[in-house]
Amino acid sequence: MKVVHLPYVYFPDASGGTEYYVKGLAQGLAQLGIDNLIVAPGARSSQYVHEGLLVVRLPVSPDVLSLRELYGEGDACVADHLNKVIDEWHPDIVHFHGFTSAISLSMLKAVKSKNIPTVMTYHTSTVSCPRGTLLRWGEKICDGKMFTHRCSQCSLHGLGMNRILSFLVGALPPIAGQWLGDHDFEGGIWTALRMSELIKLRHQTIHTMWEMVDRVVVLSEWTHHLLLTNEIPDEKMVLIRHGLTQPPAPKKLDRAEREATDPLRLVFLGRMDPLKGPDIIVKALQQIPEANITLDMYGIVQGEKEHAYQVDLLSIISGDKRIRLYPPLAGEAVIKLLQNYDALVVPSKLLETGPLVVLEAFAAGIIVIGSNLGGIAEWVENGKNGILVSPNDIEAWVEALQDLISKQELLQRLTRGIVMPRTIGDVAKEMQALYATLV
């Protein structure tokens, strides 16, 4: 069997959890005798081998896409290049791992025209949420139902428009935007005035993709529910949960073997993004300055906004020697590093399909203290292998940390409750079984 995987970006470019998942899945499938080809958009055509996997990069269109192309069928140039790859490679399955202007409906139509079975994995909320967070007005968890005007209003607010103006402009009928588009009004205020038209087009596009693909893979129960809410047939969806992409580390030193005067050692790994919530744990620690706790933060900074956020965070931390910031780690070093700590903190404010770092913490033998949201709440069993905390609640974090400090047996009991997580090899076996039903 031959499988083409279509992520939005790929190594050695800056990559995130989806790309590590794709790499691990392809490597696991290869061990089962399946040939894999990674195909991703790039600045130019290229072909290379990365960690044993053949990678082809397809050039995006040299021209600026129109708004209707961006929100609709996507980049036809990339789809044309994919056509040539498919004609040369003759895959049995094409697996979509994203939904963007490049990994698009145009691509899917090109694949389906050749009668090749297709699978699409819902990796992140950016697939169905134009704002990308599933946070209504950037604050409250959204039910994920795709409504044209509601999503238009929230999108405009996410782009910097105030809430009242976002509500009014986002409520404009799509037909008004269609008229502006027909007369080539694009950019600036015209894009804002066309938002309801563009969001309606985006929703129609993703619904068409879900209708055309043969199976939709969901990584968590909450995404399964979200897609049901958006009228995706239950029989089209398959739940295949995340798996550990790195081998587990040897057993860590038991907390009972340490000195009673040792601090509670916490670690945060992730983007320096307000939605990942590192400021929440920092502010919680500052409310208990006497607590014998240390926090090491390995932060990823991507872009000016995250750099500015990190600068603000540093000003908050200033003077607290318990908190230290470090550069991000390579993926293969994470589990070994985590063994040096007692708990991983995951204070996310948004729904996540993973995150993978939760599994890496369990593989390292340490507990997780995380937001009672999405995938975190599906992996962490409160009071058994970790602690779930109300999202965006500093006082709840203070209480959780004080419990771990004051109740000496609590950390030991939670650590004993950790079960080794499933691996990407398990994921590959389940995916192979899914592919077999389609070929």
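**Cavity**

I began with the lining of the largest cavity and noted that α5 gives the most to it, with four residues. The model I am reading is a predicted one, and I keep that in mind for every entry below. When I searched the whole structure, I found one cavity of 30 Å³ or more, and the space in the largest cavity comes to about 150 Å³. I then looked up which elements give two or more residues to its lining, and these are β7 (135–136) and α5. The lining of the largest cavity counts 15 residues, and those that lie nearest its centre are Cys129, Pro130, Leu134, Cys142 and Cys151.

**Helix α7**

Next I turned to helix α7, residues 174–182, and listed its buried residues as Pro174, Gly177, Leu180 and Gly181. Looking down the axis of α7, I saw that these buried residues fall within an arc of 115 degrees, and therefore they line one face of the helix. On the face turned away from that buried side I noted the exposed residues Ile175, Trp179 and Asp182. I also asked what covers the buried residues of α7, and the cover includes α2 (67–71), α5 (148–158), α8 (189–193) and α9 (195–212). Just after α7 I noted Asp184, which takes a positive phi of about 60 degrees.

**Aromatic pairs**

For the aromatic rings, my count comes to five aromatic pairs. In the pair of Tyr10 and Phe11 the ring centres are 5.1 Å apart and the planes stand at 80 degrees; since planes over 60 degrees apart count as edge-to-face, the pair is edge-to-face. Tyr10 and Phe11 are both buried, and together with Tyr20 they form one aromatic cluster.

I then compared this with Phe185 and Trp190, an aromatic pair that is tilted, with 4.5 Å from centre to centre and 45 degrees between the planes. Phe185 has a relative accessibility of 27% and so counts as partly exposed, while Trp190, with a relative accessible area of 32%, is partly exposed.

**Charges over rings**

Last, I looked for charged side chains set over aromatic rings, and I recorded two cases here. Lys2 lies over the face of Trp89, at 4.6 Å from the ring centre. The charged end of Arg241 sits over the ring of Trp379, 6.0 Å from its centre.

Technical notes: Residues numbered from 1 in each chain as written. Predicted model: local features only at pLDDT ≥ 70, side-chain atom pairs only at ≥ 80, totals over all residues. Heavy atoms only, no water. Phe/Tyr/Trp six-rings, centres within 6.5 Å; stacked < 30°, edge-to-face > 60°. Buried < 20%, exposed > 50% of the residue type's maximum accessible area, 1.4 Å probe, protein only. Lys NZ or Arg CZ within 6 Å of the ring centre and 35° of its normal. Arc of directions from axis to C-beta. Contact = heavy atoms within 4.5 Å. 1 Å grid on protein atoms, 1.4 Å probe; cavity = no way out; pocket = protein on both sides within 12 Å on 5 of 7 lines; lining within 4 Å. Points joined across faces, edges and corners; volume = space filled by probe spheres on them.
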